[in-house]
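Visitor: Hi! I'm new to reading protein structures. Could we walk through this one together?

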Amino acid sequence: MSETLDLARQALAAAGSDDALATVTRERSTLLRFARSRPTQATSVDDTTIEIAALHEGHVGRAATNRTDRDALAQCARTARLAAEAAAGAGERGHFPGFPAPAPVRTHHGYDTTTARLDPTTGGDALRAAFEVAERAGVEIGGAWTAGEVDTAIASSTGVELSDRVTDCFMKTIATAASGRTGYAAQAGVATSSIDARAIAQQAADKALLPGDPVALEPGEHNVVFEPHAVAELLWTLAETAFDGLAHAEGRGALTGRLGTRVVSPAINLSDSARFGSTLPRAFDAEGVPKAPLPLVQDGVAHRVVHDTRSAAILGGATASTGHALVAGGQASRPRPANFVMAGGGAADETELCAPIERGIYVTRLWYTNVVRAPETLFTAVTRDGTFLIEDGRVTRPVADMRITDSALGILARVQALGSRSVLTADGEFYGRRFATGSVCPALRADGVRFSGSAAAS
Amino acid sequence: MREVLAKLMDSAAGHAEYADARHVRLRHEAVAMRNGELDELDSHEEEGFGVRVQVGGRWGFAAAAGSDASSAEEALARALAVADAQPVAATRRLAPEQLTEGRYASPADIDPFAIPLEDKLELLTAADTALRAQPGVTVALAYVESRVEEKVFASTGGALYEQRTVECGGGIEATAVRDGDSQSRSYPASHSGGIAQAGWEHVEALDLVANAPRVAEEAVALLDAPPCPQGRTTLVLAGEQLGLQIHESVGHAVELDRMLGYEASYAGTSWVPADGIGTLRYGSEAMSITADATLPRGLGSFRWDDEGVPGQKLAIVREGVLQGVLSSRESAAEIGLARSGGCARGEGFARQPIVRMTNVSLDPGDGGSLDELLAGIDRGVYIDTNRSWSIDSRRLHFQFGGQAAWEIVDGRLGRLLRDPVYAGVTPQFWASLDAVCSAQEWRLTSLTDCGKGEPGQMARVSHGGAPARFRDVEVGSA
């Protein structure tokens, strides 16, 4: 038995006869940052969180601690129970139907023993390799290399006893040329061996060094080739606005009343698949519901949104959790996809995607993406670190960064072609407890993307 | 704990050019009611060590849970190992500082953790009920949070201090949904409500229940409100929206680590050059910005930062000209500042200190009351609550959206307008500031989710401001 599962059992035992679910998450991680072609910060984390969710008359109270002693577990359980009881005493019966029953969980490929050793010299070597490439290319680079192991266990009063270990690794580089232009490249994977620091640095440098003065384009509609990093931003916008089962149940979702109808181009096929070959897998959600492939959009038709136990109960009928709880009890965090997989298309690569465009924009990534109007999936974001002009079917020179304000569903409805290769993209942000997620998606070409302004230096 | 950290620093001194360590014990509680049902009741406690070293010009930081000496020593060993694994770099000089010993506790009249949970739920139930009393409200949300952080810090430079801060606050939000449209109104702000470094007396003063009917009514009214008209006009910003404007276009832009390129890989850089201090025109003469870590009730207030540097009150912009920046000991030394601005903070125990905002505020002006400020406007728009925000990686080009706007006609607030957005370029926008209300209109707003750093860390900060008038701004409807 894993140490985390043993601890989860102890935590559940501390809850006594309560209807409860105990989660133990241990994170071990290393992150090395660099800027201006030298190391700047390095962080090593080893911490364990024990969370107990207690259910009383349909209300869930939660308490968490990072102390693992018996007294701490007892206190944690008591706090959770008192919270649930207080909530029940404050009003009517809650609607949380109960923690899920055990269900078979399948194994996955998301653990690498070498990565789990977290040898910091692996990261140090990656930095050295990237610095060498940058020096030869004549650019300065900044970025981060990180690897982590997360061990999660759940034990519940309904009989769930699960544990799951995952590893992940991520490296990104932003190269800055003497001109001030920047370029971005990144890779993510389950294992440190999947990260090619030299290739990342070279790709970023190549983008920064594309010759020519940046052209400032007028706002308006442009044909665009989005790299996978930018496509992933569109998908995360949809996670928040379209696929959130709670918003859907409350009539606020962008797909409310639209399931079963065509919402994007017939070329779009999108699922949430936690065991897909190149994703960052996980076996179950925060309530112990097994992960299973979920078709979200097929041939442009919206099929499903994601649910946790709570949002499924609110929607009612035959709706069940789809295994997308981020928190047991499904409260502060709403259900979200964590493993988008978007099928590729027929274009060999980004070069081929550019070929039909007489004049358009090539976008490497989007920055500070934020929802403006959720029901329309309207978002705004700024292009960054590799925005180029496409002329007569090929990338010719840099474009001053621009602001996009458009509908994510609308852009996907105007998709003309998809790249054949879907790649794992991740952001490597890791706020709070490490929870590595990523989207597997291709580059794409879309017509009529709405740019609301230029971010040219003023 | 002071002894544990003092011994740890003795041990670190034999291995590192510099070291510091902090032990943090955090208690946080969040309670929320949503549509008559408990939405969130989270109680979280954690404690641990964060140890930072500099070895051969390379920084290493390690975090370990616990409170005993062995956990601290284990963290030190890992910090040394990650520092040593990196490529060798030139030693990073730190700005000099007279480091001392001391104790501090932030003022709080009523301990928020002494308030029975039942009382908190009663308050939230009343607010939730009042929100739902308005026909057309689909989602009602009422929430409070309480937080206590106890920190002990030591460094090889001789600092040894303890400080305890208490924060709490809350808010309400109503959402109306009809025919695929969704509109929300919040009080006192859309981002975590109103949180202050204060006791439960702050929550009581918010009077969530009394504000619920107005908030609910406005949410429903927005469904039928006309869109905010497109065009260049006079814009008055107040409350949270003004705070966020300051936060995004000034606060982040004057973080010295960004200005020097050390956040290029994530948060971004800045349009503000380090050699612009004293000369760079940031805005109009009506614009004066102060960063104040000593401000009562501010979430960015502390006695010492996480490098042991005392919290300070810094002039950032005076009459439109850049006068100062937000700095740490390392970044201050790099540009030759006499001392750090005392802005190094790390989240909890498991994140290393980086340059973070203290309370960055727009100084009050001489514009009088809000009514007096509006009196000078023939046509314009007033926005006080944020819905969306986006700014480029140099903090130059921005677009903000408000939950609601009010038209200004002939010097008075008029109709409610839906989906307002405005956009601008930082120095031009601040150059268009022509008046700020006087001190009686000055208020603090709070942000609890300012993300920066890798691995990501959230900072909590407050911004002060009085309603401010900007001329000839591009405004429209989302």
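Predicted model: local features only at pLDDT ≥ 70, side-chain atom pairs only at ≥ 80, totals over all residues.

Visitor: Nice. What order do the strands have in the open sheet of four strands in chain B?
Guide: The order is S12-S11-S10-S15, and the pairing is antiparallel. Strand S12 (321-322) and strand S15 (359-362) of chain B are the edge strands, as each pairs on one side only.

Visitor: How many bridges join strand S11 to S12(B)?
Guide: Two bridges join S12(B) to strand S11 (residues 313-318) of chain B, and these strands run antiparallel. To spot the pairing, find B:Val317, which stands opposite B:Leu322 in S12(B).

Visitor: Let's zoom out. How many helices and strands does chain B have?
Guide: The secondary structure of chain B comes to ten helices and 25 strands. The radius of gyration of chain B is 23 Å, close to the 23 Å that the globule rule gives for 478 residues, so chain B is as compact as a globular protein of that length.

Visitor: What share of its residues count as buried?
Guide: In chain B, 65% of the 478 residues count as buried. As for contacts in chain B with a separation of 6 or more, 75% are between residues 24 or more positions apart.

Visitor: Which domains does the assignment give for chain B?
Guide: It gives domain 1 (2-224) and domain 2 (231-477). The C-alpha centres of these two domains of chain B lie 21 Å apart. Their contact takes 46 residues from domain 1 of chain B and 38 residues from domain 2 of chain B. On the domain 1 side, the largest share comes from S2(B), with six residues.

Visitor: Can we pick a helix now? How many residues does helix H3 of chain B have?
Guide: Helix H3 (residues 117-132) of chain B has 16 residues. From first C-alpha to last, H3 of chain B reaches 22 Å, close to the 22 Å expected at 1.5 Å a residue.

Visitor: Which of its residues are buried, and what covers them?
Guide: Among the buried residues of H3(B) are B:Leu117, B:Leu121, B:Leu124 and B:Asp128. The cover includes helix H2 (70-90) of chain A, along with strand S1 (18-34), strand S5 (137-155), strand S6 (160-178) and helix H5 (208-224) of chain B.

Visitor: Chain A comes in there! How many residues of chain A are in contact with chain B?
Guide: 75 residues of chain A are in contact with 70 residues of chain B. Strand S2 (residues 38-56) of chain A gives the largest share of the chain A side, eleven residues. By class, that side has 31 nonpolar, 28 polar and 16 charged residues.

Visitor: How does S2(A) run relative to strand S3 of chain B?
Guide: S2(A) and strand S3 (residues 58-65) of chain B run parallel, joined by four bridges. There, A:Asp46 stands opposite B:Ala64 in S3(B).

Notes: Residues numbered from 1 in each chain as written. Chains lettered and ligands numbered in written order. Expected span 1.5 Å × (residues − 1). Buried ≥ 20, exposed ≤ 12 C-beta atoms within 10 Å, placed from the backbone. Contact = placed C-beta atoms within 7 Å. Rg over C-alpha atoms; globule rule 2.2 N^0.38 Å. Nonpolar A, V, L, I, M, F, W, Y, C, P; charged D, E, K, R; others polar. Pairing = 2+ DSSP bridges. Domains from an automatic or database assignment.
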